[in-house]
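Please look over the sequence and the structure first, and then read on.

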Amino acid sequence: PEAALAVPNEEALAEERQVRDDQIRCAEAAVSGIRSILTGAQFYRLQQYCIEGKTESEIAEAEGVTQQAVSKSLVSALKKSREIFEKRSKNGCEKA
């Protein structure tokens with residue numbers, strides 16, 4: 001006999017949607033928190049490095065600065081960002 005496929009009920013689907021919505025809300029709050037503590041250059045460089053996958057050298061070339069300047073900026077941005085995430089993980093999704 002074939003195994004019956006489990007069809008999620010409306011309650012289960014609603015719960016999954018709620019969890020996903022909560023995760024999105026927390027992620028948006030984290031990004032907002034990070035953006036508020038970083039300089040514009042740090043936020044841009046962090047986005048280019050972590051999300052766009054650019055190297056420090058590529059970012060530096062595009063901005064007309066040294067790779068060392070970008071590296072120093074990213075180290076500082078990552079440290080500040082880590083602090084925000086640590087506070088949020090202790091406090092849940094509440095503002096850090």
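## Fold

Helices are counted here as DSSP runs of H or I with at least four residues, strands as runs of E with at least two, and both are numbered from the N terminus. On that basis, the pattern read along the sequence of the protein is α-α-α-α, and the secondary structure amounts to four helices and zero strands. The model is a predicted one, and what follows should be read with that in mind.

## Overall dimensions

The protein has a radius of gyration of 20 Å, whereas a compact globule of 96 residues would have one near 12 Å. Taken along the principal axes, the box that the C-alpha atoms fill is roughly 65 × 35 × 15 Å.

Among the contacts in the protein with a separation of 6 or more, 51% are accounted for by residues 24 or more positions apart.

## Surface and charge

Of the 96 residues, 20% count as buried. The accessible surface comes to about 7,300 Å², and carbon and sulfur atoms hold 54% of that area.

The protein carries 14 positive and 16 negative side chains, and the centres of these two sets lie 12 Å apart.

## Cysteines

The structure holds zero disulfides. Cysteine 50 is itself partly exposed, with a relative accessible area of 48%.

Methods: Residues numbered from 1 in each chain as written. Predicted model: local features only at pLDDT ≥ 70, side-chain atom pairs only at ≥ 80, totals over all residues. Heavy atoms only, no water. Rg over C-alpha atoms; globule rule 2.2 N^0.38 Å. Buried < 20%, exposed > 50% of the residue type's maximum accessible area, 1.4 Å probe, protein only. Contact = heavy atoms within 4.5 Å. Areas by Shrake-Rupley, 256 points an atom, 1.4 Å probe, with all protein chains shown as cover. Lys, Arg positive; Asp, Glu negative; His and termini not counted. Charge placed at Lys NZ, Arg CZ, Asp CG, Glu CD. Disulfide = S-S within 2.5 Å.
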